[in-house]
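Subject: Structure handover

Hi,

Here is the structure we talked about. Please open it alongside this email.

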Amino acid sequence: MARETILHRVRTALGRAAGQDPEPAPPPRLRIPESGIDRRVSGFCAALESLAGSATVAHGAEEARQTVAALIAGHTAVASNAPFLAELGVPSLPGVQCGIFDRDELKRACAAADFGITSADYALADTGSLVMISSREEPRLISLLPPRHIAVVPRERILANLDELFTLIPLPSQHSSSLVLITGPSRTADIEQILVRGVHGPGHVHAIIL
Amino acid sequence: MAARVSLFVTCIIDQLFPQVGLAMADVLERLGYEIDFPEAQTCCGQPAYNSGYREEARQVARHFLDVFDGAEFIIVPSGSCTSMIRHHYEDLFRKEPARLEQARRIRDRIWEFSQFLLEVARVEDVGARFHAVATYHDSCHALRELKIKDGPRRLLARVRGLELREMDPPEECCGFGGTFSVKFPEVSGGMARTKIDAILRTGADTVISVDSSCLMQIEGAMRKAGHNVRALHLAEVLASR
Amino acid sequence: MSELPEQAIHAALADSRLQEAIYTATGRLVDKRKAVTSPEVLPDYQELRTQAHEIKKHTIENLDYYLELFERHLTANGGKLVWCRDGTEVADFILSLAKQRGARLIVKSKSMTTEEIELNERLEHHGLEAVETDLGEYILQLAHERPYHIVAPALHKTRYDVADIFTEKLGVQREVVIEQQTLIARRVLREKFLAADIGISGANFLVADSGSVAIVENEGNARLSTTAPKIHIAVAGIEKLIPRAQDLAVFLKLLGRSATGQPLTVYTSILSGPRRSTEVDGPDEFYVLLMDNGRTKLLADSQKRQSLYCIRCGACLNICPVYRKIGGHNYPWVYSGPIGAIITPQFHGVMDDPWLPFASSLCGACAEVCPVKIDLPQILLDLRAEVNKAKLREGKNRLEKLAFRLWAWLMQHPKLYEFAGASGAGLLGEEGRWLSQVPLAVGPVKAWLSERELPAPAPKSFRRLWRERRAGRGA
């Protein structure tokens, strides 16, 4: 009922008929700048650091693992089940909980943990963003509930910019119910325009590029 | 040169600030232009258009079109009036083909004073001399509709003895806005005071603009507040020797 | 019909603390926006604006097609589209669903659309707890106030105001340090996120080809509201449609920059339905409530339908010299600033707030910063003409109409115009004289003099001086 009414109102307002195909939409003009992997790595790191996130480059799996270990030493962490993290030996670090596939258990664990450790599906060099596609291996809450977020990302996954992301993924719904860009730590300036970090999402974001 | 140009001085300058019109004429004559002043001119119709009286605006605009039909160059010491004619006459006469045609012809022949100097006469130095510390106010219609920003500054840079300082923040409305100034006087006055504060912070003793309506608002508010900054039209400065 | 809120405007102008707060906050946003859209930093900026305008134009002019496309894809993703003619139907649906599911607690992320329909009031009236989770909105909810600004809702509140509100409403010890205040809110709201039955969000964009809802934010409350509870409901006006996910590459580049000077906000969520069977977390149920609530009225006007292109960035508010003086609460509706001024009369009818289209100096700064190039000043001019016509139909405004008719008549008779001018000059004119008062001043003259001195007419008009000059030269 409401559907028919609204569509009818829209068509009347526009002078269009049902089933009338539009002219093609203006073409999307996506521009992907040329840049080598090293440029992207340094670009990503600089961008994230400018947002008060931290980004380090690890030369090898062992260094990556030790960086994570040093960050979380003496704290609790929930790690995702990303195969990449498993390869690095993250799940076996002291204080790390892993292998949670139950939603409620995950929620409880994340609410209590000091750190959330994830990989990332992609990263964006120009804005310092992490691209998180929700999946069995990579749930949503790990990069959201704990006050500190660590993301370990293989360098090949760093894209130049949004344009490249949408070229690779023209239809986000094909992959997942949730695709999230994380661009630095959570923040607000709602009171007197004073910046405060870590309002609801993590106040600390550490990216380790391998 | 002896090219002939027509002046549209605008009603506000005609009645309140005639010295601006005379100054503009001086500058143009010194550049060798012959000046025609069609006496039947009155107003461009903007006050009615801005107040939502389209029919009245059209009547006045038709008169304008008739008075200036056939003029090759129409020079106007006002950004807002030039903009009215260039950008809004077509909207006014959308349903009158003959008038629309007239409006289009005139659109290509009407020039705000500083734009005429720079783009038609192609001069930057008109031989002016004026000792002052001044700041330039970007009147909104000139700035946003006619894209007048650098032009007057280039002309003023050539005025001997003139030091030009920039306001911060730049480009804020003075609060005139036609009938807005009297329909919302307190807000308009508040905007004028913000503008005045910016002017005073430059330390300038003179504020210059291409629109007399802005100058009237600014000077009126300056005087009420008891400040000694004078407001001059660009033409008056350029005519000084 | 609302009258011009003269008293309230006077109060706002006289409140120097408020003026300082508004001016500083908006000034900061203006500067930040300018820095990230400059030609050096974003050489494509003007091109992006044009693209955004073109995409919105195409979408709006073919809106029925894209609405159906969106419905198809959302449904294929496992989501459910609910068509709502107005705010009542939105609230009815939510109340009915809540009842069916036994839901009591709702967390909400920032949505001007839900403010527009006063959703919280309706939900609370029926015994549901609906908690705003955006910090600024949460503070205002506690204070029972409307948002002051589209993007920065608590612009007008100081830390001391917030301290008062938290002490009174939350019973906490008085805290004036902003970081601590934020932690208090975080603590309280965290419990709500984790316990809530339903999360309600708005939508910045509805993506037709992907059946997705795109939400941008900085705090993380939208992510939490749309991830933790088992049910997610997104409420969105029909104008939020864009054709393709790829179009987000254009809009995301403009939205953050225009709103807060950020190339991207901290979180950008693209949500395409309930969680999939392979996913661990996310809502089990996903609803998009597509609302008309008068938007089809705006759609019907081919000149003014561009008002629907708005992506709610707030840039026009920040730059508007009038907004910066009168503040967000002096606009009659939840949408304030220039965008509020053009859509309020279109939604409510011009005679509801006939003064609103005139509350502008037409400086054009809004149009200059609008990321989708809405021609706000022209729409204001059109609305002014409509107000006058409507007033006359009701037999109002006769005096002003008469004045302009006389004026127009005079302007078509140059000799009479000259005579009138000379008479005025004869009475009041004196070289270079400015008047600080005029005896028996009424109406416009009185209004002018309340704030400024008035120039006396020149003793001799330009045309008279010109004639004398030519005579002197023997021309």
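Below is what turned up, starting with the chain contact.

Please keep in mind that this is a predicted model.

Interface of chain C and chain A

The two chains bury about 7400 Å² between them. Of that area, 57% is on carbon and sulfur atoms. Chain C brings 97 residues to the contact, and chain A brings 80 residues. There are 12 salt bridges across the interface. One salt bridge joins C:Glu47 to A:Arg29, where the closest N and O atoms are 3.4 Å apart.

Surface patch on chain C

C:Tyr160, C:Val176 and C:Val177 make up a nonpolar surface patch. Together they have about 250 Å² of accessible area. C:Tyr160 sits in helix α9 (residues 159-170) of chain C. Its relative accessible area is 46%, so C:Tyr160 counts as partly exposed.

A loop residue in chain C

C:Asn204 lies in the loop between β4 (198-201) and β5 (205-207). A polar atom of the C:Asn204 side chain is 2.8 Å from the backbone nitrogen of C:Val216. Leaving aside residues up to four places away in sequence, C:Asn204 touches C:Ala214, C:Ile215, C:Val216, C:Lys240 and C:Leu255.

Best wishes

Terms used. Residues numbered from 1 in each chain as written. Chains lettered and ligands numbered in written order. Predicted model: local features only at pLDDT ≥ 70, side-chain atom pairs only at ≥ 80, totals over all residues. Heavy atoms only, no water. Patch = residues over 30% accessible without salt bridge, like charges linked within 9 Å, V, L, I, M, F, W, Y side chains within 5 Å. Areas by Shrake-Rupley, 256 points an atom, 1.4 Å probe, with all protein chains shown as cover. Salt bridge = Lys/Arg side-chain N within 4 Å of Asp/Glu carboxyl O. Helix = DSSP H or I, 4+ residues; strand = E, 2+ residues; numbered from the N terminus. Buried < 20%, exposed > 50% of the residue type's maximum accessible area, 1.4 Å probe, protein only. Contact = heavy atoms within 4.5 Å. Buried area = accessible area lost by both parts, 1.4 Å probe. Polar contact = N/O pair within 3.5 Å; in protein donor to acceptor, adjacent residues only side chain to side chain.
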